[in-house]
Amino acid sequence: MVNIGIIGVGLVGSELISQLSAHISQNKTSTFKVIALMNSTKQLLSNSSYLPLNLSSWKKDLNTKGTTSNLTSFINYLSESPTLSVVIDNTSSQEIANSYPLFIEKGLHIVTPNKKAFSSDLNLYKEIKEKSNEKKRFIYYESTVGAGLPVLSTLTDLLRTGDKVIKIEGIFSGTLSYIFNEFSKLDGEKKKFSEIVGIAKENGYTEPDPRDDLNGLDVARKVVILSRLVGKDLSLDTLPVENIVPEPLRTLNSATEFMASLPQYDDHFETLNTTANKNRQVLRYVGVIDPIGGKSEVKLVSLPYSHPFAALKGSDNIIAFTTERFPSPLIIQGAGAGAAVTAFGIFSDLFKISERIF
Ligand SMILES: NC(=O)C1=CN([C@@H]2O[C@H](COP(=O)(O)OP(=O)(O)OC[C@H]3O[C@@H](n4cnc5c(N)ncnc54)[C@H](OP(=O)(O)O)[C@@H]3O)[C@@H](O)[C@H]2O)C=CC1
Ligand SMILES: N[C@@H](CC=O)C(=O)O
Ligand code: NA
C-alpha cells in the first residue's frame, strides 16, 4: 500500500482528493490510501491502524474531527506508518517547502505542484536533490510547470538520453495565456482587462494572489525550475522579469484589495493593447530559457497574429524545446492551469512513485 498524507486541500488539493476517491472506488486493487489531511488550521489523521480516511466525507470530518494543524506531528505520523508514505504538498507555502529535507530525512517521498522548493534558495534546491539521492526517496513535481502537461518528464528524458538543450521558450502561465488570449486579439468581442483577470481567478487558474501571476513571478519560477534541470543555476534575483502589475497596486495588503483596485487601470492596459494592434500584433507574456546565450528572461511581447504563441486558446501553455535532436522544436501544448489538469499531474506523479517503490 502507498500511504498518502495531503497538505493543502484548497482548489488543487480537493480536486486531487476527488480524483483519488474515484480511482480507489473504481479499482478494488488500488494501492493508494489517504491517511492524513491538513490545511493551515486543522489536520485529520487516521488511527493507529492507519486505516484509510473516508474520502466522501473528508471536508466535514476535517472540520468536525480535525485537530489543530501541527506539521511535526503530521509528518511523524506519516513516517511511523508500516508501509512507505508519500506526502503531497498542495500549498504555495515557502515554510512547507523549506521542510522538504526533513520530510525526506523522515523517510517520506514527496509529490508537489508547489514551485517554491525548486525556484527559491539554490542551497535548499541542492539539499533536497542530494538528500533525495542519499535516502533514495523520490520527489516529483511535474505540475509545477505547465500543470499536468509532461514538461518536466520530457525535459528529463531529453537530458538523460544525451540530448543538448539549445533553448526553451513558451507561454508558461495559464493565467496570463487566458488573459491575453481574451484581451489582446485583432477581432471579436473584448472584455475589460480587470474583468478578464476576475474570470481567470474564478476559473481557478491564478495563484492564490493573482499578482503572483501578473508580476511575472510564477513564470519566473517556472523558468528557474527548467533552468536548474538543464544544469544552469539560475536564481530569481538575477532573472530579468517584467512586472505588469501597476506600481501602486503592488503593495496592497491583499488579493481582494488588488482585485477591487484593478479596474482603475483598464485604460492603461487598453493603451498597451492598442499600440500592439496598430501593427497587427497581439500581446503575449513569454518565458525564455537560454542556457547557451545566458539571456533567459520573462517579458510581455508583441507578436504577429501568425506566431504559434499567438494562436492559443483558454489557459493553454505552449513550450518549445529546441535541442540538437529537435532543431525544429519539440512542442508541448495544452491547458497549463486549472484544478483538474493540475491534480492530474500530481496523481500521475503518484503513480510514477508507486511503480518505482513496488
Ligand atoms: N491553480 C492551478 O492551476 C495550479 C496551481 N499550482 C500550485 O498548486 C498549489 C495550490 O494551489 P491552489 O490549490 O490553487 O491554492 P489554494 O489557495 O486553493 O489552496 C492552498 C491550500 O494550502 C493550504 N495551506 C496554505 N498554507 C499552509 C500551511 N502552512 N500548512 C498547511 N496548509 C496550508 C490552504 O489552507 P487554508 O485554506 O487553511 O488556507 C489550502 O488548503 C500552489 O502552489 C499553486 O502554485 C500549480 C499548477 C497549477
Ligand atoms: N497560476 C499558475 C498556475 C500553474 O502553475 C498559472 O496560471 O499558470
Ligand atoms: Na507539467
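**Ligand shells and salt bridges in a predicted model**

A polar atom of the Ser81 side chain lies 2.5 Å from the backbone oxygen of Thr83, a polar contact (a pair of N or O atoms within 3.5 Å; within protein, one must be able to donate a hydrogen and the other to accept it, and residues adjacent in sequence count only if both atoms are side-chain atoms). Ser81 is found in the loop between α3 (71–79) and β5 (85–89); helices (H or I, at least four residues) and strands (E, at least two) are DSSP runs, numbered from the N terminus. With a relative accessible area of 9%, Ser81 is buried, a term that stands for under 20% relative accessible area, with exposed meaning over 50% and partly exposed in between (1.4 Å probe, protein chains only).

The model is predicted: local features need pLDDT of at least 70 and side-chain atom pairs count only at pLDDT 80 or more, while totals for chains, interfaces and linings use all residues. Residues are numbered from 1 along each chain as its sequence is written, chains are lettered from A and ligands numbered from 1 in the order in which they are written, and side-chain values use heavy atoms, with hydrogens and water left out.

Ligand 1 is surrounded by 25 residues, of which Val12, Ser40, Thr91, Glu207 and Gly338 are the closest; a residue counts as near a molecule or strand if one of its heavy atoms lies within 4 Å of it. One is 2.6 Å from an N or O atom in the side chain of Ser40, and for the side chain of Lys115 the corresponding distance is 2.8 Å. At Thr91, a backbone N or O atom lies 2.7 Å from an oxygen atom of ligand 1. Taken alone, ligand 1 exposes 910 Å², and the protein buries 79% of that; accessible areas come from the Shrake-Rupley method with a 1.4 Å probe, and for residues only the protein chains shown count as cover.

The shell around ligand 1 comprises nine nonpolar, 13 polar and three charged residues. In this classification, Ala, Val, Leu, Ile, Met, Phe, Trp, Tyr, Cys and Pro count as nonpolar, Asp, Glu, Lys and Arg as charged, and the others, Gly among them, as polar. Helices α1 (11–26) and α4 (94–98) each supply at least two residues of this shell. Domain 1 (2–147 + 340–357) and domain 2 (151–335) each contribute at least three residues, the domain bounds coming from an automatic or database domain assignment.

Around ligand 2 there are 13 residues, and Gly174, Thr175, Tyr205, Glu207 and Asp213 come nearest. A polar side-chain atom of Thr175 lies 2.6 Å from an oxygen atom of ligand 2. Ligand 2 taken alone exposes 260 Å², of which the protein buries 93%. Three nonpolar, five polar and five charged residues make up the shell of ligand 2, with at least two residues supplied by each of α9 (174–183) and α12 (217–230).

Side chains of opposite charge can pair when their charged atoms come close. The model has 16 salt bridges, a salt bridge being a side-chain nitrogen of Lys or Arg within 4 Å of a carboxyl oxygen of Asp or Glu. One of them joins Glu207 and Lys115, with an N to O distance of 3.5 Å. This pair links distant parts of the chain, 92 residues apart: Glu207 is in the loop between α10 (193–202) and α11 (211–214), and Lys115 in the loop between β6 (109–111) and α6 (116–119). Glu207 and Lys115 are both buried.

Other salt bridges fall within single helices. In helix α15 (residues 339–357), Lys352 and Asp349 are three residues apart, about one turn of the helix, and their side chains meet at 3.8 Å, N to O. Lys352 is partly exposed at 29% relative accessibility, whereas Asp349 is buried at 2%. Asp157 and Arg160 are separated by about one helical turn because they are three residues apart in helix α8 (residues 151–160); their closest N and O atoms are 2.9 Å apart. Asp157 is partly exposed at 35%, and Arg160 is exposed at 65%. A network of salt bridges links Glu105, Lys131, Glu134 and Lys135.
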